[in-house]
Amino acid sequence: MIQSHLTDEAMSFRKLSEDQIKSFHKDGYVVIKSFCSKQETDKLYVTAIEDSSITKNALDLNDLSGKKTKLSLWFTPGNDVFGYLTRSERMVKAVAQLLDSDAPVCHFHSKLMQKEPRVGGAWEWHQDYGYWYKNQFMYPDQLISVMIALTKANKENGCLQVIKGSHKLGRVNHGFSGEQVGADMVMVNNALRTMELVYSELEPGDALIFHSNLLHRSEANLSPDPRWSIISCYNSQSNPAYNETSTSWKVPVEMVPDDAILTWDAESFANADFLKKENDPALKETGWEKTVSTNL
């Protein structure tokens, strides 16, 4: 495999260390510096802002204040630069080390998070499994998210905040926060009294890998700088979803070499299977959401 376009740091993260694995299971997340090289990150970011299919298929979700959070979500990883990232050997093998299963790694979906300067809305406290529970995935330990920062992420532009070790709470009840799915704030506040709040400040190309039950949020971006990131979510093939109409969650990822982002021809997103807001089961009322307090 030709790796000449990758930095030494990026090449070294095709396999997590024992300390990184222990940190993930203890804290619910692990940060990997320089997971993507500057060349790779620049190419991903340029594609994100220039491919009209991505921006045309962006969803707006209001936070509690009415500010809009914007994301583009697709299911099947294709032969585009983000598909090459999602399917890269270093990504898939790292995920395989952390999922609680020996079954093949499958790609559930990827989402491009777009927090524009001064107007990008907040994400309320939630667990990813608070959404995915409605998709009726059975095993939260067999679901995981990998966030790659495409721009600098800091307190000023609304970086991700996590409650360290909160994945050990199990699934917290969720209701609606604006148009988003938000966690029961009684339990969130109890967790904040008990566990450490961490601001995940990242440089472009850094990765944050986190458990599906980790409580996390982000503030609105009131700074003059954008905050963009790509979050790829993975599932073990042994983890069924009984209320999910997409199929990528049960199809093993076809890995590509780590240098594919920089050296392979890339397609546009014109034929990607983007999520439509009305088709997301997590955003549909089931009735019990009204019993959950999400704005204490």
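User: What makes K38 and E50 count as exposed, and which face of helix 3 carries them?

Analyst: This is a predicted model, in which local features need pLDDT of at least 70, side-chain atom pairs count only at pLDDT 80 or more, and totals for chains, interfaces and linings use all residues. Residues are numbered from 1 along each chain as its sequence is written, and side-chain values use heavy atoms, without hydrogens and water. Exposed means over 50% relative accessible area, buried under 20%, and partly exposed in between (1.4 Å probe, protein chains only). K38 and E50 are exposed and sit on the face of helix 3 turned away from its buried side.

User: How do you know that the buried residues of helix 3 line one face?

Analyst: E40, T41, L44, T47 and A48 are the buried ones in helix 3. Viewed down the helix axis, the buried residues fall within an arc of 130°, so they line one face. The arc is taken over the directions from the helix axis to the C-beta atoms.

User: What span should helix 3 have, and why?

Analyst: The expected span is 1.5 Å times one less than the number of residues. Helix 3 has 13 residues (38-50) and should therefore span 18 Å; its end C-alpha atoms are 18 Å apart, which agrees.

User: Why are strand 5 and strand 10 called edge strands?

Analyst: Two strands pair if DSSP finds at least two bridges between them. The open sheet has the order 5-12-7-10, with antiparallel pairing. Strand 5 (123-126) and strand 10 (197-200) each pair on one side only. Strand 5 meets strand 12 (residues 216-218) over two bridges.

Note on methods. Helix = DSSP H or I, 4+ residues; strand = E, 2+ residues; numbered from the N terminus.
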